[in-house]
Amino acid sequence: MTAAAHLDSLYRTYDDIGTAVTALDGVTATFPAGTFTAVMGPSGSGKSTLLQCAAGLDRPTSGRVFIDGAELTATKDTAMTKFRRRRVGFVFQDYNLLPALTVEQNVLLPLRLDGRRADRARSTEILTRLGLGERLHDLPEQLSGGQRQRVAIARALVTEPAVIFADEPTGALDLRSAREVLTLLRAVVHEHGRTVVMVTHDPVAAAYADSVLFLADGRLAGSLSAPTAEAVAERLAHLGDRVGAA
Ligand SMILES: Nc1ncnc2c1ncn2[C@@H]1O[C@H](COP(=O)(O)OP(=O)(O)OP(=O)(O)O)[C@@H](O)[C@H]1O
């Protein structure tokens, strides 16, 4: 079976301030279709860089990214944007909704940007499924944080992407809203067959995933299947020891 996303030897260095920083140091990973993976690691371990490179929002210095079997990194910049719009969804910590657009218009935006028909029946169906069927014509400022993040998830789902990348999607939410959003992401995977890769700092959030990938100093530092919050926290503590000792 084709992986939803495959990362092959990703390196990303930043040298824009004179001293080179290696954010990713040879990461190879596969995200099978229909799975929910959390990515964890100490601050500065490369989690956001990994997600940005995998999603085509940033280019790795070397290495290749495959989405649904097609090589994202082989495309030029304009083609990469198009590729990303069609095959990748992204959910940000701060929602990134356009404040002047209604809930429905925000969700339809990826289709419009891609020159596709604004399928209102489809966006209504997704928003209803996500509990926002009554809020189609509201502006983002009329919604709670949890509701805004659900709109962002609806927007990520509307193009039926091969994979949805989420960077700290519950980082700005209270506990109850965070739980709702995590339950929703899990349902998106287990009931609707999508693939989600989520960066989080929170072991409780990571425990909603099927497995956890750990990063330390830009490298893979193990994984955990069927994670519990306790097991994740314990593993993270040991990663901290190792990084601290290095
Ligand atoms: N634009 C940039 N220019 C220079 N260095 C950068 C840039 N972006 C990230 N870095 C560096 O790359 C490394 C990895 O950063 P990244 O943001 O991917 O880590 P992270 O694990 O997501 O951290 P956090 O948990 O704090 O968000 C860090 O050392 C960071 O300082």
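## Helix α3 and its neighbours

Helix α3 passes α4 in a right-handed crossing, where a crossing counts as right-handed if the near helix is turned clockwise from the far one by less than a right angle, and as left-handed if anticlockwise. The model is a predicted one, in which local features need pLDDT of at least 70 and side-chain atom pairs count only at pLDDT 80 or more, while totals for chains, interfaces and linings use all residues. Residues are numbered from 1 along each chain as its sequence is written. Helices (DSSP runs of H or I, at least four residues) and strands (runs of E, at least two) are numbered from the N terminus.

The angle between α3 and helix α4 (residues 120–129) is about 115°, and their axes lie 10 Å apart; axes are lines fitted to C-alpha atoms, for helices over the stretch in contact, and angles run from 0 to 180 degrees between N-to-C directions. On the α3 side V103, E104, V107 and L108 meet R120, S123, I126 and L127 of α4, a contact being a pair of residues whose C-beta atoms, placed from the backbone, lie within 7 Å. The residues of this contact divide into five nonpolar, one polar and two charged, where Ala, Val, Leu, Ile, Met, Phe, Trp, Tyr, Cys and Pro count as nonpolar, Asp, Glu, Lys and Arg as charged, and the others, Gly among them, as polar.

Helix α3 (residues 103–113) also packs with α5, at an angle of about 30° and with the axes 7 Å apart. That makes α3 roughly parallel to α5, a term used for angles under 35 degrees. The crossing of α3 and α5 is right-handed, and V103, N106, V107, L109 and P110 of α3 make the contact with V151, A154 and R155 of α5. By class, the residues of the contact of α3 with α5 are six nonpolar, one polar and one charged.

## The six-stranded sheet

An open sheet of six strands runs in the order β6-β7-β8-β3-β9-β10, with mixed pairing; two strands pair if DSSP finds at least two bridges between them. β6 (88–91) and β10 (219–225) stand at the edges with a single partner strand each, so one side of each is left without a neighbour in the sheet. From one strand to the next, the twist averages 20°.

Strand β9 (residues 211–216) and β10 run antiparallel and are joined by five bridges, with L215 standing opposite L220 in β10. Helix α1 (residues 47–55) packs on the sheet, where α1 touches β3 (36–40), β6, β7 (163–167), β8 (196–199) and β9, and its direction makes about 150° with that of β7. Helix α5 (residues 145–157) packs on the sheet as well, touching β6 and β7, and its direction makes about 170° with that of β6.

## The four-stranded sheet

A further open sheet, of four strands, has the order β2-β1-β4-β5 with antiparallel pairing. At its edges stand β2 and β5 (70–71), each with a single partner strand, so one side of each is left without a neighbour in the sheet. Five bridges join the antiparallel strands β1 (residues 3–14) and β4 (residues 62–67), and D8 stands opposite R64 in β4.

## The ligand shell

Surrounding the ligand are Y14, D16, V21, A23, G41, S43, G44, S45, G46, K47, S48 and T49, a residue counting as near if its C-beta atom, placed from the backbone, lies within 6 Å. The elements that give two or more residues to this shell are β2 (21–32) and α1, and the largest share, three residues, comes from α1. By class, the shell around the ligand holds three nonpolar, seven polar and two charged residues.

Notes:
Contact = placed C-beta atoms within 7 Å. Parallel < 35°, antiparallel > 145°, perpendicular 65-115°, else oblique.
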